[in-house]
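Subject: Structure handover

Hi,

Here is the structure I promised to pass on. Please open it first, then read my notes below.

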Amino acid sequence: MIEINKTAIGIAAGLAGTLFIGYCIYFDKKRRNDPDYKKKVRERRRRNRKTGSAKQGMPNLNDHEAIERYFLQEIQLGETLIARGDFETGVEHLANAIVVCGQPARLLQVLQSSLPAQVFAMLIIKMQEFGNRAAESSDGGLAGSGSRSNQIDNSANILETSGHAVIDDLE
């Protein structure tokens, strides 16, 4: 068999690493020097502002107490608005609470038993919209939404399985 010297392997690995870093630097510089780069960045930020306008009050996702306050505030506001008859806004606040909830499946079960069927169906549709938006933004290459977008996707999947019976009853 052929004996491979450890120093040869080390040199080859070092050379490969250097080439990779050079490749990254070259294409990053090429990307930044593109005349449309700043325009694309501005457009992406503008799009994010438009889609994120309803989420301006979102808490810092690393601060557990802020998430808890936001969650309780959104649940209370959603219930109050639904009790007044403003179903759409109330459902939006409940959906915001579900997005930051640590156990969305359990919360959805509680809401399914406590909300009227039509309002719960509206909530399911709103959560599916959130899941679709999260999927679109992750397909668009936007970074930073990591675990929360996965949680939104998981909530949408939970909704798909738990909400069919309710939606079927309404149709």
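**What I found**

In the protein chain, take the contacts between residues at least 6 apart in sequence: 60% of them join residues at least 24 apart. Keep in mind that this is a predicted model.

**The whole chain**

The protein chain has 7 helices and 0 strands. Read from the N terminus, its elements run α-α-α-α-α-α-α. The chain has 171 residues, and 26% of them count as buried. Its accessible surface comes to about 12100 Å². Carbon and sulfur atoms account for 54% of that surface.

**Helix α4**

Go to residues 87-100 next. They form helix α4, which has 14 residues. From first C-alpha to last, α4 reaches 20 Å. That is close to the 20 Å expected at 1.5 Å a residue.

Why is α4 largely enclosed by the rest of the structure? Count its buried residues: 10 of the 14 are buried, so the helix is largely enclosed. The buried residues of α4 include Gly90, Val91, His93 and Leu94. Ala95, Asn96 and Ala97 are buried too.

Now find Glu74, in helix α3 (residues 64-84). Is Glu74 buried or exposed? Its relative accessible area is 4%. The cut-off for buried is under 20%, so Glu74 is buried.

Which residues does Glu74 touch, leaving out those up to four places away in sequence? They are His93, Leu94, Asn96 and Ala97.

**The aromatic rings**

Last stop: helix α1 (residues 6-32), where Tyr23 and Phe27 both lie. They are 4 residues apart, about one turn of the helix. An α-helix has 3.6 residues a turn, so residues three or four places apart point the same way.

How many aromatic pairs does the structure hold? There are 2. In one of them, the rings of Tyr23 and Phe27 have their centres 4.8 Å apart. Their planes are at 65°, so this pair is edge-to-face. Tyr26 and Phe27 also form an edge-to-face pair, with 4.9 Å centre to centre and 80° between the planes. Phe27 counts as partly exposed, at 36% relative accessibility.

Best wishes

Key
Residues numbered from 1 in each chain as written. Predicted model: local features only at pLDDT ≥ 70, side-chain atom pairs only at ≥ 80, totals over all residues. Heavy atoms only, no water. Helix = DSSP H or I, 4+ residues; strand = E, 2+ residues; numbered from the N terminus. Expected span 1.5 Å × (residues − 1). Buried < 20%, exposed > 50% of the residue type's maximum accessible area, 1.4 Å probe, protein only. Contact = heavy atoms within 4.5 Å. Phe/Tyr/Trp six-rings, centres within 6.5 Å; stacked < 30°, edge-to-face > 60°. Areas by Shrake-Rupley, 256 points an atom, 1.4 Å probe, with all protein chains shown as cover.
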